[in-house]
Amino acid sequence: MQYFPLFVDTKELKVLVVGAGEVATRKLDLLSRTEAHIDVIAPEIADEVKAYQKRGRISLFQRSVNTDDMTGYDLLYMATANAQLNMDYAVIAREKGIWVNVVDNPSYCRFITPSIVDRGRLVVAISTAGAAPVFARTIRSRLETMLPQSLNPLFDFVASKRVEVQLRITSGKERRLFWERFFQQNNDRYDTVTESHYQEAFSQISHQGEILLFNKHDDANLLPIAAMPLLQKIDIFYTEAERDESTNTINELVRRDASREIIPSLSQLAEQYNHGDKVLLVVDDSMLNKLKAHFPMAKHLQPGAL
């Protein structure tokens with residue numbers, strides 16, 4: 001992974017954009033949605049950039065950039081039509097500890113700006129590490145269709161309820177079960193019944209756990225899409241002492257904050273199931289048959305089927 005995705009708090013972020021043409025405008029279309037302080041320096045200013053100044057969203061300096069400008073900023077976007085100027089100032093800025101993005105020149109970029117699907121508090125970022133931006137846009141268009149605009153007010157609603165939920169449900173695990181139940185009932189809509197689903201979720205939390213089984217000799221890449229939501233709910237990921245390639249593959253599909261542990265005794269598994277834990281066990285054929293006999297309620301994840 002060459003580019004590690006980060007979501008940065010922009011409240012005190014200082015950004016400099018050098019250039020004020022079409023490319024700079026595209027950058028400002030995204031940057032203006034943040035809370036960052038944005039300065040733009042360029043001798044010639046496009047009307048679209050001037051519009052951001054009129055709205056008070058950016059500070060505009062109509063002049064050529066100079067080396068004295070390369071200080072006091074967190075991020076720099078070099079978006080001029082002069083490729084050599086972009087590279088020269090990128091080097092200067094990096095020497096001063098400023099993170100730089102040079103338009104159409106990945107080798108001079110300290111960071112890149114991904115394609116983004118914006119639903120308010122829900123933001124999805126897509127990147128191909130600069131290799132295929134056209135394909136990233138294709139993925140974005142698919143996600144734009146999949147994620148309705150109702151998610152914007154829905155997540156505002158959820159954010160407004162988080163303190164109340166924390167006060168009423170002290171256990172972190174119980175809170176997760178609560179929100180799982182809420183989203184299962186409400187889905188992605190925000191309407192007059194959303195509040196009812198929220199209230200109902202307090203009385204419908206299930207304490208029953210779940211046991212998922214996977215044969216270590218199967219190919220996790222061939223699991224059906226329906227298995228993904230199940231894997232993202234796992235609390236504990238159990239494997240044998242040594243992991244192989246297949247185990248590592250399914251490990252990438254399990255939620256990051258799930259515990260990774262060695263397979264325990266059957267009695268401990270039964271206790272965890274009764275306690276409400278959701279567990280995944282990656283085992284060989286003999287252990288798989290033993291677990292299926294001992295836990296008939298377990299779900300066997302198989303390539304192409306559940």
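Which residues does Val17 touch, not counting residues up to four places away in sequence?

**View 1. Surroundings of Val17.** In this predicted model, Val17 touches Ala24, Leu28, Leu31, Ile38, Asp39, Val40, Ile41 and Tyr77, with residues up to four places away in sequence left out of the list.

**View 2. The largest nonpolar core.** This core has 22 residues, and the members that touch the most other members are Val15, Val17, Leu28, Ile38, Val40, Val49 and Ile58. Two or more residues are given to this core by each of strand S1 (14–18), helix H1 (22–31), strand S2 (37–41), helix H2 (47–54) and strand S4 (75–78). The largest share, three residues, comes from H1. Another core, of 17 residues, lies apart from it and includes Phe178, Trp179, Phe182 and Tyr198.

**View 3. Helix H6 and its buried residues.** Helix H6 (residues 172–186) comprises 15 residues, and the distance from its first C-alpha to its last is 21 Å, close to the 21 Å expected at 1.5 Å a residue. Buried within H6 are Lys173, Glu174, Arg176, Leu177, Phe178, Trp179, Phe182 and Asn186. These buried residues pack against helix H5 (151–168), helix H7 (194–201), helix H10 (266–275) and strand S11 (278–283).

View 4. At the N-terminal end, H6 is capped by Ser171, a side-chain oxygen of which lies 3.3 Å from the backbone nitrogen of Lys173. Asn187 follows H6 and has a positive phi, near 60°.

Definitions and conventions:
Residues numbered from 1 in each chain as written. Predicted model: local features only at pLDDT ≥ 70, side-chain atom pairs only at ≥ 80, totals over all residues. Heavy atoms only, no water. Core = buried A, V, L, I, M, F, W, Y, C linked by side-chain atoms within 4.5 Å. Buried < 20%, exposed > 50% of the residue type's maximum accessible area, 1.4 Å probe, protein only. Helix = DSSP H or I, 4+ residues; strand = E, 2+ residues; numbered from the N terminus. Contact = heavy atoms within 4.5 Å. Expected span 1.5 Å × (residues − 1). Polar contact = N/O pair within 3.5 Å; in protein donor to acceptor, adjacent residues only side chain to side chain.
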